[in-house]
Amino acid sequence: MRRKVIAGNWKMNMLPNEAIALIEGLAPKVKNTKNDVIICVPFTDLFYSLLSVQGTNIKVGAQNMHFEESGAYTGEVSGKMLQSINVEYVIIGHSERRQYFAETDETVNKKVKAALKYNLKPIICVGETLEQREEGKAVDVITTQTRLALEGLKPEEMETITIAYEPIWAIGTGKTATSEDANNSIKAIREEVRKLYGDKIADEIIILYGGSVNSSNAKELFETSDIDGGLVGGASLKADEFAKIVNYDE
Ligand code: PGA
């Protein structure tokens, strides 16, 4: 049985004092869950968050990183830098990065490899646009993104990889994919992993759904056969609401 993972993606929100307050509110509410709890926070909140989660079951991730280790890349942060302060996870290839910051399947793949080099656990995002979906290309788009993101990874490196399926039309729009639709897309991603890495890895890899997840729809989504939890944006910014999503199975 795969475990469930609930990851918050704060995006460009939360000042350090707000981050600390949220973690202090969240920690007691999620301390008894058997699900994994992760918060992916802005760079400026990482250090405060890492201190605040000490002694809790909450894990901390970044939302992006550069694939080079160091150098003349003004404004960027490397995997080595994240590792140096004990960050555990990093979101890679979020659709907002692909859309607004020109990330490509190639840079996503480079970042995944760099993350693994520094012992960070990548949460790789894939997802189709509304147009691609309406043209019937969704499965092709997400399986191709998956294949290219994983290109060149060794089987043993797949152990720390999480994939998040986030249909772009469902992000921040209040529109969720139906649980059946989301489950089918995630099954398609799992089958792609099966083709590339075989049954064991495909059956074990954690694949999340993201896009307008909230405490009202989490249970239905997370109880399907293939959805292993969620990558939660807006609804992760309030301790109560995020805790309800984490505790969807109570
Ligand atoms: P949302 O964002 O939950 O606000 O739709 C999800 C995401 O972009 O990771």
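Modeller: Buried means under 20% relative accessible area. This is a predicted model, and C125 counts as buried because its relative accessibility is 2%.

Colleague: And C40, buried or exposed?

Modeller: Buried, because C40 has 0% relative accessibility.

Colleague: How many disulfides are there, then?

Modeller: A disulfide needs two cysteine sulfur atoms within 2.5 Å. By that rule the count is 0. C40 is in no disulfide, and the nearest cysteine sulfur to its own is that of C125, 8.8 Å away.

Colleague: On to cores. What is the general idea?

Modeller: In soluble globular proteins, nonpolar side chains tend to be buried together. In this model the largest nonpolar core has 67 residues. I39, I161 and Y209 have the most contacts inside that core. Helix α1, residues 16-30, gives the largest share, 6 residues.

Colleague: Now the surface. Which residues make a nonpolar patch?

Modeller: A patch takes residues with over 30% relative accessible area. Here F47, Y48 and L51 make a nonpolar surface patch of about 320 Å². F47 is in helix α2, residues 43-52. F47 counts as partly exposed because its relative accessibility is 48%.

Definitions and conventions
Residues numbered from 1 in each chain as written. Predicted model: local features only at pLDDT ≥ 70, side-chain atom pairs only at ≥ 80, totals over all residues. Heavy atoms only, no water. Patch = residues over 30% accessible without salt bridge, like charges linked within 9 Å, V, L, I, M, F, W, Y side chains within 5 Å. Areas by Shrake-Rupley, 256 points an atom, 1.4 Å probe, with all protein chains shown as cover. Salt bridge = Lys/Arg side-chain N within 4 Å of Asp/Glu carboxyl O. Helix = DSSP H or I, 4+ residues; strand = E, 2+ residues; numbered from the N terminus. Buried < 20%, exposed > 50% of the residue type's maximum accessible area, 1.4 Å probe, protein only. Core = buried A, V, L, I, M, F, W, Y, C linked by side-chain atoms within 4.5 Å.
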